[in-house]
Amino acid sequence: MTGAGTIAALATARGEAALAIVRVSGPEAIALVAGRFTNARLADAPSHTAHVGWITDADRERLDQVVVTLFRAPASATGEDVVEISTHGGSAAPQLVLRAILDAGARLAEPGEFTQRAFLHGKLDLAQAEAIADLIHARSTASARAAARGVEGRTSDALAVIKDKLLETAALVELELDFSDEDVEFADRPQLAALLAEADRQLGALLSTARLGALVRDGVRVVIGGRPNAGKSTLLNALVEHDRAIVSDVPGTTRDRVEAEREIDGLLFRFVDTAGLRATEDAIEAEGVRRSHEAAESADVLLYVVDARTGPDAEEEAFLRDLAARRPALSVLRLANKSDLATDPPAGWRSLSAREALADPAHLDGLRQSLVDAVRRGESEPESGVLITNERHRQLLTAARDAVGRARAHLASGTGGDLLALDLRAALDALGRITGAVTPDDVLGAIFGRFCIGK
Ligand SMILES: Nc1nc2c(ncn2[C@@H]2O[C@H](COP(=O)(O)OP(=O)(O)OP(=O)(O)O)[C@@H](O)[C@H]2O)c(=O)[nH]1
Ligand SMILES: [Mg+2]
């Protein structure tokens, strides 16, 4: 996907809006735009200046009145000459302007190509570039905040601290290897052990944020399960505060999964209402029941609803026991619904009236807090502000930590320095891949391919 030349693309979303931006980057960016611009001052204008004028086609016909902002290399987002053309919004004007610039000789940018150029020119590292993609895709306040910290370079800074420790250790070990003929131990073993122990601790601290990080980034999948007629759909509607699912007193009303989203405490929750769990003769309902079992398997949190008047039956207790054994990390909140009708709710179940909550959402404050607690589990965003939200980063951090673990084992057992050096290099290599210091082209392609065109 990398290419030379001058690229252009629409940087803003299509659709009606006051303004849109066409971005142009590359060695010919200024000359190309100047050739289609009525304001003659542009060609020789200093960097970081804005110019009003008309973009014209090849026949000098005026297409749109725009503001052109100029950034000269290397002080631009991509490190190249960049021109940003603020056009009028809507679908026509930005396309006309873009076409004029393409006609003048620019090439349409590939998805992520602007950010890739910024990476290649050292304007940001790979972890920051990925964070930009996360920021664009962020659907909740918490995920946008975590991504913003990544863009800022906090992940990269945290990694740099660990890298320094490993480099210091590696340098001491390699020095010893260089002089191994002389049979001298230069490296002070306890000092090496202390450096590695600290690197291990810091890697562990970063990795421990990955569970919360993934939930912050992708949202929390909350499956609402229970018998037919327990009030699952009513609960869904109350939780998202609108009539998303059909509610009726006929058992078996919900046949397929119904999903609705809601942000609570900055986190995105994706609620999934399911068909009530029961043995059934009806083929469609049976498929619905199969899907609800499947949904429960992929849940981050399960809200299990029973009728407070009857409580769970033996089969339900067995289902929940079995699920807890298979998925010990799954949070299950047990809800006894229709408390307005029950005098004696079952012990160990949180009593609740979804119907009353429909009228007054404050009834669900406690449940909402429990959902947030189930996700955060007492973990807050770490002091450094760095949250590992990216699966690629998690895997590479795990590889680095494994390698550090092996290096510590070598050190403890007095193995030769060459094996130690090998593992230290493996750890450094894994960390280098996160920031893109060492990263094969195919990985780069996959990462920048996630962007939209114009970014
Ligand atoms: N009194 C009372 N009735 C409720 C409450 N919650 C739900 N109901 C009623 O119980 C019936 C079933 O509710 P639904 O929300 O459709 O139940 P469901 O679990 O989705 O049922 P299926 O989709 O058939 O599995 C409806 O008549 C609701 O109005 C509650 O808290 N109190
Ligand atoms: Mg239902």
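## Leu371 and the overall form of the protein

Leu371 counts as buried because its relative accessibility is 0%, where buried means under 20% relative accessible area, exposed over 50% and partly exposed in between, with a 1.4 Å probe and protein chains only. This is a predicted model, in which local features need pLDDT of at least 70, side-chain atom pairs count only at pLDDT 80 or more, and totals for chains, interfaces and linings use all residues. Residues are numbered from 1 along each chain as its sequence is written, and side-chain values use heavy atoms, with hydrogens and water left out.

Leu371 lies in helix 13, which covers residues 365-376; helices (H or I, at least four residues) and strands (E, at least two) are DSSP runs, numbered from the N terminus. Leaving aside residues up to four places away in sequence, Leu371 touches Val222, Ile264, Phe269, Phe271, Val301, Leu303 and Leu333, a contact being heavy atoms within 4.5 Å.

The protein as a whole contains 16 helices and 12 strands. Its radius of gyration is 29 Å, well over the 23 Å that the globule rule gives for 455 residues, so the protein is more spread out than a compact globule. That radius is taken over C-alpha atoms, and the rule is 2.2 Å times the number of residues to the power 0.38.

Further values for the protein are set out below.

| Property | Value |
|---|---|
| Span of the C-alpha trace along its principal axes | about 80 × 80 × 40 Å |
| Buried share of the 455 residues | 48% |

Conventions. Chains lettered and ligands numbered in written order.
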